[in-house]
Amino acid sequence: MPSELKIYNTLSREKEVFKPLNAPFVGLYACGPTVYNEVHLGNLRTFTTFDVVYRYLTHLGYKVRYVRNITDAGHLTDDGDGGDSKIEERAKLEQLEPMEIVQKYTTSFHEVCDIFNLLPPSIEPTATGHIVEQIEMVKRILAKGYAYEINGSVYFDVKKYMETHPYGQLSGRNVDDLLEVTRELSGTSDKKNSYDFALWIKTPDNALQKWPSPWGEGCPGWHLECSAMSGKYLGHQFDIHGGGMDLKFPHHECEIAQGVGADGVVPVRYWMHANMLTVNGEKMSKSKGNSFLPKELFAGEHKLLEKAYAPMAVKFFMMQSHYRSTLDFSNEALQAAEKGYAKLINAYTNLQSLVYSTAAQKNEAEDKEINDLCEQIYDKMNDDFNTAEVTAVLFEMSKKINSFKEGHIAIGSISETTFKRLKATFTAFIKDILAIDKADAQDDNTADGLMDLILSLRKDARDKKDFATSDKIRDALLQLSIQVKDGKEGTTWSKN
RNA sequence: GGUCGGAUGGCCGAGUGGCUAGGCUCAGCUCUGCAAAAGCUGCUACAGCGGUUCGAAUCCGCUUCCGACCUCCA
């Protein structure tokens, strides 16, 4: 009896059974990076979370359209007039065109995604490529009376909107509180109320990125692109919208208001938010100076890092926690994950080499246990993508697999159907869903041939009880991160 | 200040009103020429104080501590 997929919806603060609007089609939108510099590991956690969501929904048979944007239009502060955007700042710093900055860091982002074995989205729209759509959306909001224009900028009229619609539900905020605390920003304050937000912002004359609009030259407000692009590719209402916890307010709250304001429809059915990666209990962020880049992690070159860590081990580290919990980074935790990961992959490798054989007495209890594990793992995943529990089941399965390999349990004691189910389930979760199998499995025939030769020489030495030679080979290989494993049916090896 | 979330064994990290999470570490055993790998066994925790209950780490209240958002942020 397979369980139903449940998703924790930030909007209702409850786990809800997932029912797509138009099954088997699913619309999934995740907020992508602003490409003014490189993504750090914390950013990557969110993208990894939604990669798993995308992969799992696909695995379940849904036809998923996964849209993840690239924010390549820098955004000024809400009040406009505030000088340069992040991208412009960077462009001036590096003495490059804004679009060179955008290109550079988009490419770098893609490389990191690739290394982390994240699938490319179905559509990866850019903000600058959808200026027209954004302007059209502003027009619709203006036409409905939920926005006003002042001095070449257009602002969303939150107070007006609240007369007929709730605002602040997603983030649990009420506007009175916002009013009290909102800081007086220096410079102009064209907005009627401090909690209004910009849809279109007049840019300074020297701005590098600006576009013509009915209200003069300017750039789109920073919440607008996601609304315009999700609406274009997924429809005015779609299934799942994801992003980091820190985007809940104001970004996602504003998206809801824009969607309703422009098209009269609540845009998103299920809101998902990934929690932060922390360092010593504090959010990893560039401004705190506690962030590091994926490539620094893989090279071990950062003051916070004791050593280099393999990408898939890091990904597994993330999978061991739930996406809605904060995950605290530490060398100790990462090294523990590294070892656990190696164990899991070892079992995965063993599984591929197992061959079913009926020559054994059937053991109903064993058979049931394995079938239960195969069912449990889906139950766990269906429970709001609980990858932490999933990894626990994978370890249980690993024990079984290794026991088959070692002959501690006769493989024929379970039915062939059960064996095939185990193999298919384990493989699917490692390879297709969590996607933590070694991506660098480029078949290196030379290496395999060399290893066969070396191990056969070592076997000769061992047969002659020339352990000095055999141990010399073993130790030298270990220096190359190649581990030799002497088993009952000969020697195998693996490279870390 | 406002809103929200969290405090779990040596470390990381799930979870449920009563039943072993899992990983790492540590100890012992099996296997092994010796190791490693693998298997088995052991190590029983839920911030504090009250309350509800036959029973709470899990529900409620209070206290302490930590974090996130309220400004760009995944």
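**View 1. Gln 95 sits out in the open in this predicted model.** With 72% relative accessibility, Gln 95 clears the cut-off of over 50%, so this residue counts as exposed. You'll find Gln 95 in the loop linking helix H2 (86-94) and helix H3 (98-115). Check its backbone too: phi is near 55°, a positive value in a residue that isn't glycine. Most residues other than glycine have a negative phi.

**View 2. Asn 280 has a positive phi as well.** Here phi is about 50°, and again the residue is not a glycine. Look for Asn 280 in the loop between strand E11 (277-279) and strand E12 (282-283). Is Asn 280 buried or exposed? Its relative accessibility is 68%, so Asn 280 counts as exposed.

**View 3. Two prolines follow cis peptide bonds.** One joins Ala 23 and Pro 24, with omega about 5°. Pro 24 belongs to the loop between strand E2 (14-17) and strand E3 (25-30). The other runs from Phe 249 to Pro 250, where omega is near 0°. Pro 250 is part of helix H8 (residues 248-263).

**View 4. The largest nonpolar core has 86 residues.** Which members touch the most others? They are Leu 41, Leu 297, Phe 385, Leu 394, Met 397 and Phe 426. Helix H1 (residues 41-59) is the top contributor to this core, giving nine residues. Both domain 1 (16-274) and domain 2 (279-433) supply at least three residues each. Apart from this core lies another one, made of 43 residues, including Ala 198, Met 229, Phe 238 and Ala 257. In soluble globular proteins, nonpolar side chains tend to be buried together.

**View 5. Leu 297 and its neighbours.**

**View 6. Helices H11 and H14 pack against each other.** H11 (residues 331-353) and H14 (residues 416-433) have axes 11 Å apart, at an angle of about 135°. That makes the pair oblique, and their crossing is left-handed. Who meets whom? From H11 come Leu 344, Ile 345, Ala 347, Tyr 348, Leu 351 and Gln 352; from H14 come Lys 423, Phe 426, Thr 427, Ile 430 and Lys 431.

Key. Residues are numbered from 1 along each chain as its sequence is written. Chains are lettered from A and ligands numbered from 1 in the order in which they are written. This is a predicted model: local features need pLDDT of at least 70, side-chain atom pairs count only at pLDDT 80 or more; totals for chains, interfaces and linings use all residues. Side-chain values use heavy atoms; hydrogens and water are left out. A nonpolar core is a set of buried Ala, Val, Leu, Ile, Met, Phe, Trp, Tyr and Cys residues joined through side-chain atoms within 4.5 Å. Buried means under 20% relative accessible area, exposed over 50%, partly exposed in between (1.4 Å probe, protein chains only). Helices (H or I, at least four residues) and strands (E, at least two) are DSSP runs, numbered from the N terminus. Domain bounds come from an automatic or database domain assignment. Contact means heavy atoms within 4.5 Å. Axes are lines fitted to C-alpha atoms, for helices over the stretch in contact, and angles run from 0 to 180 degrees between N-to-C directions. Angles under 35 degrees count as roughly parallel, over 145 as roughly antiparallel, 65 to 115 as roughly perpendicular and the rest as oblique. A crossing is left-handed if the near helix is turned anticlockwise from the far one by less than a right angle, and right-handed if clockwise. Lists of a residue's contacts leave out its neighbours within four places in sequence.
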